[in-house]
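Have the sequence and the structure open as you read.

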Amino acid sequence: MEGSTYDLAIIGSGPAGLTAGIYAGRYLLNTLIISRESGGTIMEAHRVCNFPTYNEIRGFDLSRKMIEQVGELGIHIKNETVEKLKENDGFFEIKTNVGTHRSKKLIIATGREKRKLGVAGEKELLGKGVSYCATCDAAFFKDKNVAVIGGSNSALTAALLVAEYAKKVYIIYRRERFFRADPAWVRITDKNEKIEYMFNSEVGSIKGGNSVEKLVLKDGLEVEVGGVFIEIGYEPNREIPKQLDLKTDKGYIVVDNMQKTNVGGVFAAGDVTNNPLKQVITACGQGAVAAMSAYEELNKENDGLKDNEKGIQGLAIQ
Amino acid sequence: MDEELQRIREMKMKEMIKNLRRDRMETVIEVNDESFQEKVIEQSKGVPVVVDFWAQWCMPCMMLGPTLDKLAKDYNEKFVLAKVNMESSRGLAQRYGIMSIPAVKMFKNGKVVDEFVGALPEPQIKDWIDRNLGDS
């Protein structure tokens with residue numbers, strides 16, 4: 001056990017966690033932010049064009065600005081990996097790879113991660129043709145045959161980007177058409193001669209030695225490619241809700257409009273919650289509300305304490 | 001007696017050279033297709049070199065960069081951090097079969113001894129460095 005007990009511990013440092021940190025800082029709560037890495041998934045966004053005051057800003061820069069703001073309020077972000085969360089005697093114990101922290105209130109803002117296919121070869125060939133970032137890696141597949149897995153906007157935009165370099169791009173999607181993508185994007189991919197659609201297709205495994213050589217689909221069909229870009233959406237961290245017995249819906253933490261979870265003293269904000277819109281601006285809004293809720297609860301508990309003390313003093317005078 | 005003196009002299013000389021090198025050693029350097037042989041391959045025969053293959057267009061690279069800088073400073077000359085910009089060093093991308101960035105490789109004695117891809121969290125990178133420095 002190290003150090004003091006924090007009023008508030010925030011797990012995660014994306015826009016939700018950082019905004020909660022900013023509000024908590026201004027409420028003068030003794031606050032700790034714990035995060036595997038600073039910034040969250042927004043850091044990887046090439047451009048953010050819908051955050052008020054910016055027509056366009058790199059996700060990386062937006063995140064940096066928030067981190068700076070948190071820093072100026074004197075709140076520390078500890079880059080540690082949370083291993084175990086539990087409630088103990090009215091406090092929360094947060095065991096990380098470095099030590100154990102204690103707090104009175106908890107905000108979970110751990111966001112989401114890119115979903116993995118979960119097939120043989122995916123892990124083994126990561127960095128050897130398997131990629132989750134088309135912007136990063138498209139340029140390495142010049143004149144190669146490449147597959148993009150998925151059918152959302154991000155899959156289609158990835159395919160368009162990869163097609164600028166690759167010889168041929170197969171979009172492999174398990175449904176029979178692009179239900180979830182914007183028609184405007186579909187129209188553009190339709191016209192791209194390098195792009196070929198493979199609907200009703202699911203990847204069974206990724207094969208290769210030193211690098212990706214082919215995909216084997218579940219129906220047995222083989223597709224020879226030198227690269228695979230996996231764009232099948234995101235999923236939340238399921239471990240933390242499980243440890244705290246938080247109620248979830250499809251893995252996302254269920255919250256009310258005060259960002260309260262079903263467990264007292266635990267709040268959640270941002271992409272990890274069952275909110276309807278997973279954007280920076282909504283994450284920030286939820287982070288702010290979560291911090292206020294925590295602050296209000298702490299205040300009530302402190303007031304209760306003071307009343308008690310008053311009572312005792314009153315008795316003493318008598 | 002002369003032999004003894006000679007040995008001491010040699011030892012002192014080695015120490016001086018070592019110190020001189022230490023003074024001059026830059027812990028974070030930028031390398032390209034031309035300087036790679038000297039700054040990475042040759043240098044890794046004396047001190048481990050961690051090579052960060054990155055590009056401006058890669059956001060995870062921008063996240064990882066500052067973490068590696070910090071670690072290079074923290075480890076105080078136990079390794080050299082060499083940055084290779086993929087935009088200007090296409091030859092190296094091909095030579096080392098880079099297909100995904102950020103890609104980080106540890107060079108010792110001119111050879112890659114371990115590698116990882118992606119912006120790993122700091123604790124994991126530390127483990128990776130410790131594991132690989134420990135073997136030397």
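How exposed is R115(A)? In this predicted model, R115(A) has a relative accessibility of 32%, so it counts as partly exposed. Its side chain meets that of E235(A) in a salt bridge, with 3.6 Å from N to O. E235(A) is partly exposed too, at a relative accessible area of 28%.

Now check where the two sit. E235(A) belongs to strand β16 (residues 234-236) of chain A, while R115(A) is in the loop between β7 and β8 (130-131) of chain A. They are 120 residues apart in sequence, so this pair ties together parts of the chain that are separated along it.

## A buried pair

Next up is R112(A), which makes a salt bridge with D271(A); here the closest N and O atoms are 3.6 Å apart. This pair links distant parts of the chain, 159 residues apart. You'll find R112(A) in strand β7 (residues 112-114) of chain A, and D271(A) in the loop between β19 (266-268) and α7 (280-317) of chain A.

Are these two residues buried or exposed? R112(A) has a relative accessible area of 18%, and because the cut-off for buried is under 20%, R112(A) is buried. D271(A), at 15%, is buried as well.

## Salt bridges across the structure

Another one to look for joins E222(A) and K214(A), whose closest N and O atoms are 3.0 Å apart. Both ends are partly exposed: E222(A) has 47% relative accessibility, and K214(A) has a relative accessible area of 26%. There's also a network, in which salt bridges with shared partners connect K105(A), K260(A), E297(A) and E301(A).

## A three-stranded sheet

Let's finish with some strands. Chain A has an open sheet of three strands in the order β12-β13-β14, with antiparallel pairing. At the edges are β12 (203-208) and β14 (222-224) of chain A, each pairing on one side only. On average, neighbouring strands here are turned by 20° against each other, if you ignore direction.

What joins β12(A) to β13 (residues 212-217) of chain A? Five bridges do, and the two strands run antiparallel. For one pairing to find on screen, V203(A) has L217(A), in β13(A), as its bridge partner.

Definitions and conventions
Residues numbered from 1 in each chain as written. Chains lettered and ligands numbered in written order. Predicted model: local features only at pLDDT ≥ 70, side-chain atom pairs only at ≥ 80, totals over all residues. Heavy atoms only, no water. Salt bridge = Lys/Arg side-chain N within 4 Å of Asp/Glu carboxyl O. Helix = DSSP H or I, 4+ residues; strand = E, 2+ residues; numbered from the N terminus. Buried < 20%, exposed > 50% of the residue type's maximum accessible area, 1.4 Å probe, protein only. Pairing = 2+ DSSP bridges. Axes fitted to C-alpha atoms, helices over the stretch in contact; angles between N-to-C directions.
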